[in-house]
Amino acid sequence: MNVRITVNGNTTQVPRGISLAGALYLLKERSFRITPRGGEPRSLFCGMGVCYDCVVKVDGRANIRACKTEVRDNMQVLTQEGEADLEDFA
Amino acid sequence: MNIVVVGGGAIGSVVTYVLSSRGCKVTLIDKDFPGKATSASAGGLWPVGEAIGLGCGVIFHASQKSGSIDISVADSSGPQPLPRIFMDFLVESNRYFPKLTEELEHHSGIHIETETGTGLLYVIYDENERRYTQSLLDWLDSSDTDVEEWSPAQVNEREPLLTRDQLGGIYFPGDNQVNPMLLVDACIRASTKLGAEYVPNTEVTGITMAGDLVTGVDTDRGHFQCDVLVNAAGAWSAKLAQMMGINIPVFPVRGQILCTEALRNQTLNCNLSTSDCYILQKAHGEILIGSTTEINGFDVEVPLENLIGLAAGAKRAIPALEYATVKRSWSGLRPGTPDEFPILGPMDARPNYFNATGGFRTGIVAAPLSAEIVAAHILGEPQPFDSEPFLADRFKNIEVNIPTS
Amino acid sequence: MTDDLLIIGGGPAGMSAAIEAATHGLVCTIVDESAALGGQIYRPLAVKPNGQTPAATVVRGDELRDQVQQLSQLINIRSESVVWGISKGNKFAVGKEGEGTEILEPKLTLLAPGAYEFVPPFPGWTLPGVMTPGAAQILSKTMNISPGKRVLIAGTGPLLIVIASQLVSNGVEVAGVIEASRQPDWLRLAIRGYRSWGLLREGARCLNTLRKAGVPVHYGRVVTRAEGKDFVQRVYHAPVNADWYPDFSGEQIESVDTLCIGYGLQPRNYLAQLAGCEMQYVDARNSWLPVRDRDLWTSQPGILAAGDGAGVAGAMTAESEGQLAGLVAANKLGKIDESAFDRLRAPIDAKLSRLAPFQKAIADICRIRPGLSSLVDDDTIVCRCEEVTWGEVNAAIDHGGTTFRSLKVMTRLGMGMCQARFCWPAMSRMVASKKNCPVADVGPARPQAPIRPVPLGLIASIPKVPETCE
C-alpha cells in the first residue's frame, strides 16, 4: 500500500506508514533545508523530534519536523530555505 | 576617583560606558539574577507612545482596572499620560541613540540593531479605545511631537498582516526599537576597552561605610574599594540601598514575553501595540509578544494564564501568528517606582552615592540620558536635563505605598 | 473526571506505570507526543514486517501496548499531545494540534519523558548524513529504510553494536563501529556477569553478527571530523587516551555516506525542572537528575519520576521503575494498604537491585570524558539551531559569560528551536573545562514554557475546563 507525495515538484509513491523523513531518505532527498545564517544544508539528525533540524514545508506550512510526520496522500513537500515566512500562514 | 557601579543592565552598562568615555575609572559589578529586566525587555524605544500610556502602559492600565495591581496613579477612565516633562525626557534620551550606536560599534564592534523608520503603531479595537486615544491626542496636540492618526485602511496598508477588525490606529514615527541585550554587551565591551573593569557573576553582600560616606562594597568575591557608588541594580536597588540603611521605593514589577521562531525579516513593518499586548519583530526575525504587569515579589515563574492571554492577544492582532511557532517565554522584573519616574542622582543622606534606577517600563529608551544625568551629578558638570523630579529625595516626606502583591 | 495519575511519556516506564496503577483501580491518562505508545525504544513497526523476526523491543512494546489496551476503561491515552507548560501546584497545560489546550489537574503525576542522545560538537557534524544512532535505528528497524549506502557507527555505549548489527541484518553496508571506550572494560563486564545474562547474551549475539559480516569494531577511537560537499563523504577517526583526547597523528579516514554518532543517552529533564523539582548534577551520569526518594517521589509534592528521564538505566529498569511508580501511586491514593504495598514492591525492588550494578558498570565504561570537549575548532558550529560557532562562544566566555543565561544573551546559544537540548550539555562541559570548575557549577539549561515549541494557536486557545463527574 502506497501513498502519493510530491517533493519539490516531483510526485512519487512511497509506502504508507513511514515518516516523511524516511520517505525523503527513500527518495534520496537528503538535504531537507538550508539554514538562514550560513546557507548550509541540514537533514535528519536525532530522528525523534527534539533537534528540529529535519524541518521542511508541508502543505504550505513551514518548520514541520519530517521525522514526526507520517506521509499522507497528496502531501506537498518543499525543502525549506532560511526561515519560515509569516505571510505563508496568512 | 574609583567608581563602582552595581548592576550591569541597561542603565548600569550605559552609565559605565559614559563614565569610562569621560576618563573615569569604573568597576562594574553584576550578578545575573533571573528576571533581570534588561534581558527580559523587548527593546522598544517608545518615548512618545509610553509617555502617553499607549505602549506597555495600556496593558498596565488594563491590569490596573482589573484590580491586579495597586499603585496610586490618577483616575481610571483611561491610561493617563505622565507629566509632560517625562515625555520630554524620553524624547531627548531617544535622540542619543544614533550617535551612541555609532560609538559603540566603533569601540566594541557590536551593532546594537537600532532601527529608525519602524515606528510604533497603536491599534484601536473599539469605540472606548477610540475615545481615550482621542483625549490623549488632544493632550499631545500642544507639543510638537510627530503623531499621525491612521484610518483602518491606512493601518492595513502599512501592516497587511494586521487584522481587519480594527478602527484605525495612532502612529508614532519617532518610536522605534533596539536590541537591549546587544546594547548592554556593547557598552560593557566598549567600557572595558576604555579601561573599565567588568566583574560578572558577583553578588554584592554589603556596603562598607565611614560615617555617611560609602567606602566600598563587599561581594562574594571580595571587597571593592570605591570613592563613588552607583546603584543601577534595577529591581534589586532597594535591597542594595538597604545595605547602607537607606530606603528607596523601587519594587519588582513582573512582565512576561513570548518569543516566536525566527521568521522572514520585516514581515511586520511597525512595532505594534494594542490593549492586549505589544508585538515587535526583532532584527533576527523573532517576533516578541508582551507583556503582563504583575506584582509578585521576585518570583519569575511564568503563569500559564498570562501566556495564554498574550498569545490570544497576538492572534487577535495578527491572525497569521496562529501558525507561528512559539519557542520560548520568559519573565523580567522591571524596577517599578510609585510615580513611574526613574530615580536618578544623589541623595542628601549619602554624599558619594548615586541612584541610577527605577527605569520601570522605559529603562531602555531612558538609559542614555539617565546615564548622562548621573555622570553629570558625579562629575559636578552642568545637568543635561532638569533632573530635579528624578531625585530620590522627592519621596523623603511622603508616605509611599509599596505594593507587595 | 480528575485523573488519579497523569503519566507524561508513554515509553516503557509510562506504560508499565499505567498498567500497574490501573490494575489497582486508578484512573490514568498517558500523554505522549507520538501517535503510538512505546517511546523510543519500544516504537512499533511503521510498516508491515518484511518476513524477518521483529526485534525483541518491538515485540515487548507490542505486549505492553496490548496490556494498556486491555485496561482501556481506566487508561486514557492522549496521543500526539504535548505537556507544554506546568504551573506549580500541579496544573499541566496539555496541547494537541487542531484541538487546543486543556489544563489538567491530576491528583498525582508521573514524569516519564525518557532520554535522547548526547552528541558533542565536532567539525562537520551538521552535514546531512550525520545522525544519531537512534535516528538510523528508527529508519531501519521500524520502516525498513536504509540510512545510507555505507554507514559508520561511532560514539560510545551498548546501543552502537546493537544498531550496527540491526543494520547489517537489514542488508546495509556497515563500514565499522568506532567505540571510544576500551575493549578490556567490556570484557571485564562480561566476565563479572553482573547477573544480567540476557543483556550479555544480546551483546554477544550482536558482536557475532558483526564478526560474521566482517564489520570491524575499533575500541579506543573517536570520530574527529566529518567532511563532504552537501552531505558527508569522509569521516576521520583517531585513537584516544584514557581521557578520550585524540592523537591526531593517528587519524584514519573512512569513506562513507552516513555517520551514526552518539555518546550515550541523557535524560530529558526539562519537565522536572519546570515542575520545580529539586535537581542534582550526578557526575557519574553526566546529567542533571531530579532528586528522588526510594519511592520515586521528587521534591515536588504529588510528582513521581521514573525511567530514563530520571536517570538513564535502560528499558528494563524503566519498566520496573514505572511499575513501582504505579504501585506507589496506588498506595498513596489508598487503593492498597501498607502491607500489600510492601509485599508487592518486594519483587520490583529486587529486580531493580539486580539490574543496577550492570547499568552502573556500563555507565562507568561510557562515562563522558573531557577529551570530547577538544574536538572543536573556532569555526565549528556548537549551537546547531542558531549556527553559533565555538569561536563566538569562546570569546563570550572570555568576556565573563559563564552561565547558560549569560552565554545565551551574548551569543544566541540555546535560543533556537531545540531549546538548548543539543548545545548546552556539551557546552556546559566546555565552559567548566575552560573555567576549571565542576560542571555542576555551570548549571543546567533552564527551561520555560512552552517546554517544546508549539504553534501560538495552541497557547492562544482558551483552555477547556475538564468535566468534573461527581
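Strand β19 (residues 350-357) of chain B is mostly covered in this predicted model, seven of its eight residues being buried, where buried means under 20% relative accessible area, exposed means over 50%, and partly exposed lies in between (1.4 Å probe, protein chains only). Helices (H or I, at least four residues) and strands (E, at least two) are taken as DSSP runs and numbered from the N terminus, and two strands are said to pair if DSSP finds at least two bridges between them. On one account β19(B) pairs in the parallel sense with strand β12 (residues 228-231) of chain B over three bridges, and in this pairing B:V230 stands opposite B:F354. Strand β18 (residues 343-347) of chain B, by contrast, pairs with β19(B) in the antiparallel sense over five bridges; here B:M347 stands opposite B:R350, and a hairpin of two residues joins β18(B) to β19(B).

The model is predicted, so that local features need pLDDT of at least 70 and side-chain atom pairs count only at pLDDT 80 or more, whereas totals for chains, interfaces and linings use all residues. Residues are numbered from 1 along each chain as its sequence is written, chains are lettered from A and ligands numbered from 1 in the order in which they are written, and side-chain values use heavy atoms, with hydrogens and water left out.

The contact between chain B and chain C, defined by heavy atoms within 4.5 Å, takes 39 residues from chain B and 34 residues from chain C. The two chains bury about 3000 Å² between them, 57% of it on carbon and sulfur atoms, buried area being the accessible area (1.4 Å probe) that two parts lose on being put together, summed over both. Of the area that chain B buries against chain C, 21% is supplied by B:L304, B:I308 and B:K327, more than by any other three residues. Across this interface there are 14 residue pairs in polar contact (both at pLDDT 80 or more), a polar contact being a pair of N or O atoms within 3.5 Å, of which, within protein, one must be able to donate a hydrogen and the other to accept it, with residues adjacent in sequence counted only if both atoms are side-chain atoms. The elements of chain B that each supply at least two residues to the side touching chain C are α9 (180-193), β16 (286-290), α11 (304-317) and β17 (325-336), and α11(B) gives the most, with eight residues. By class, that side of chain B has 19 nonpolar, eight polar and 12 charged residues, where Ala, Val, Leu, Ile, Met, Phe, Trp, Tyr, Cys and Pro count as nonpolar, Asp, Glu, Lys and Arg as charged, and the others, Gly among them, as polar. Strand pairing also crosses between these chains, since two bridges join β17(B) to the antiparallel strand β23 (residues 454-455) of chain C, with B:V326 opposite C:V454.Four salt bridges are counted between chain B and chain C, a salt bridge being a side-chain nitrogen of Lys or Arg within 4 Å of a carboxyl oxygen of Asp or Glu. In one of these, the side chains of B:D32 and C:R405 meet at 2.8 Å, N to O.

The contact between chain A and chain C takes 31 residues from chain A and 43 residues from chain C, and these chains bury about 2900 Å² between them, 56% of it on carbon and sulfur atoms. A:R30, A:F45 and A:M48 supply 25% of the area that chain A buries against chain C, more than any other three residues. Three salt bridges are counted between chain A and chain C; C:E97 forms a salt bridge with A:R61, with the closest N and O atoms 3.5 Å apart.

Over all chains the structure holds 53 salt bridges. Within chain A, the side chains of A:R42 and A:D53 meet in a salt bridge (2.9 Å, N to O), and both A:R42 and A:D53 are buried. In chain C, the side chains of C:R150 and C:E254 likewise meet in a salt bridge (3.5 Å, N to O); C:R150 lies in strand β10 (residues 150-156) and C:E254 in strand β15 (residues 252-255), so the pair ties together parts that are 104 residues apart in sequence. C:R150 counts as partly exposed at 26% relative accessibility, whereas C:E254 is buried, with a relative accessible area of 17%.
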